Amino acid sequence: MIENQDKKTKASFRFSLRWQLSLGMALVFFLTCCLFVAAVIIILQQHYGVMPKALSHWLWLIAILGALIVFLVSSWITKIIVSPVTVIEKTIQAFESDPMTPERIPKMGPDDELSDLSRILNRMIDRLQDLIGAQQQFVSDVSHELRTPVAVVKGHMEMLNRWGKDDPEVLVDSIQSTLTEVKRMETLINEMLNLTRAEQVPVENVNQITDVDGVVHRIFNDFKMLHPEFILTFDDDLVQPALVNIRQDHLEQIIIILADNAIKYSTDRKEIHFALSKSATRVEIGVQDFGEGIEPQDLARVFNRFYRVDRARSREKGGNGLGLSIAERLVKAYGGEITVESALGSGSIFTIRLPLVSESDSDETSPL
């Protein structure tokens, strides 16, 4: 109600741009004509002495009529010029009322500044709607993920409060279950923070050059030591150093996420394969497992935050579905790409492709 009254008041008393331009042009024309008429009268009086009143009246009448005509013509012209602004205003008002509105500014006729403005505003609305949708999905996913551990903790606390604290066995079991759920929530919160940081990587300020070969070899050796029950193999096709513009800890984080994921889903055939190669412009890092594999309809969603192919089994394995999302965002932040190929029952291979730096860039910054 109040908004409608404000709109009516605004429409009634607003001195719009259209009228400002029209009156301004008419006033400028009228003042110019006044100066011209005054100059003509003075010149005629100097040469002929007396100025005929009829001629003077006609000159002033022409000035007034000319100003009126200029006002009408300029009002019509400015209406045409300003009409796109009205369309833009309506679209912005629709977005203000409903941030997820499908309404967009239609394509303007001439390719001018207003057309450029409309395209920029449309892109901005699309971007804002993507961010709003991602935020809503993020809040929904986080709420869903936290609901179970919070309910478990609440259930154990209520049971202990009623009668469980007098039973040592129930007390120990409840404390262990509560600690497990608290640890799960702590892991989830830490992964969400990592995901937020991954989305805000200031790549333009990163000037660290990292030797991919050394990082991958180090992680490969670490996993061989940590998982002696697995067979780990490594195909290294590099004959020269592969240098990329990425922070070393970020590259380590990406490869560790993929390696952990491969270990986690290798239930029967405990074998992990690392591969390293490069082309003229990019270096490729592959991590392959021979485990459960991913169904074709799930391949497009494996990098979505909180997405897990088998939610029940993933929860048992301790996953929150954020690792691959973090890896993808980090890789894309540094101008690379990450892909997955999989066959159900035969395993999956994740491939990272990062752009190589030129020799001049690597000379400016020493590799890590």
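**Rings, core and helix**

Tutor: Start with the rings: F220, F234 and F274 form one aromatic cluster. Keep in mind that this is a predicted model.

Student: How many aromatic pairs are there in the whole structure?

Tutor: A search finds 4 aromatic pairs. One of them joins F220 and F274, edge-to-face, with 5.5 Å centre to centre and 75° between the planes. This pair links distant parts of the chain: F220 sits in helix α6 and F274 in strand β4, 54 residues apart.

Student: Is F274 buried or exposed?

Tutor: Buried means under 20% relative accessible area. F274 has 1% relative accessibility, so F274 counts as buried. F220, at 7%, counts as buried too.

Student: Which residues touch the most other members of the largest nonpolar core?

Tutor: V212 and F274, in a core of 43 residues. Helix α7 supplies the largest share of this core, 8 residues.

Student: What does F274 contact, beyond its neighbours within four places in sequence?

Tutor: Its contacts include V216, F220, L232, F234, I255 and A259.

Student: How do I read a helix?

Tutor: An α-helix has 3.6 residues a turn, so residues three or four places apart point the same way. Now look at α7: its buried residues include L251, I254, I255, L258 and A262.

Student: Why does the length of helix α7 agree with what it should span?

Tutor: At 1.5 Å a residue, the 17 residues of α7 (248-264) should span 24 Å. The end C-alpha atoms are 24 Å apart, so the two agree.

Student: Where does R269 lie?

Tutor: R269 lies over the face of F290, at 4.0 Å from the ring centre.

Terms used:
Residues numbered from 1 in each chain as written. Predicted model: local features only at pLDDT ≥ 70, side-chain atom pairs only at ≥ 80, totals over all residues. Heavy atoms only, no water. Helix = DSSP H or I, 4+ residues; strand = E, 2+ residues; numbered from the N terminus. Expected span 1.5 Å × (residues − 1). Buried < 20%, exposed > 50% of the residue type's maximum accessible area, 1.4 Å probe, protein only. Core = buried A, V, L, I, M, F, W, Y, C linked by side-chain atoms within 4.5 Å. Contact = heavy atoms within 4.5 Å. Phe/Tyr/Trp six-rings, centres within 6.5 Å; stacked < 30°, edge-to-face > 60°. Lys NZ or Arg CZ within 6 Å of the ring centre and 35° of its normal.
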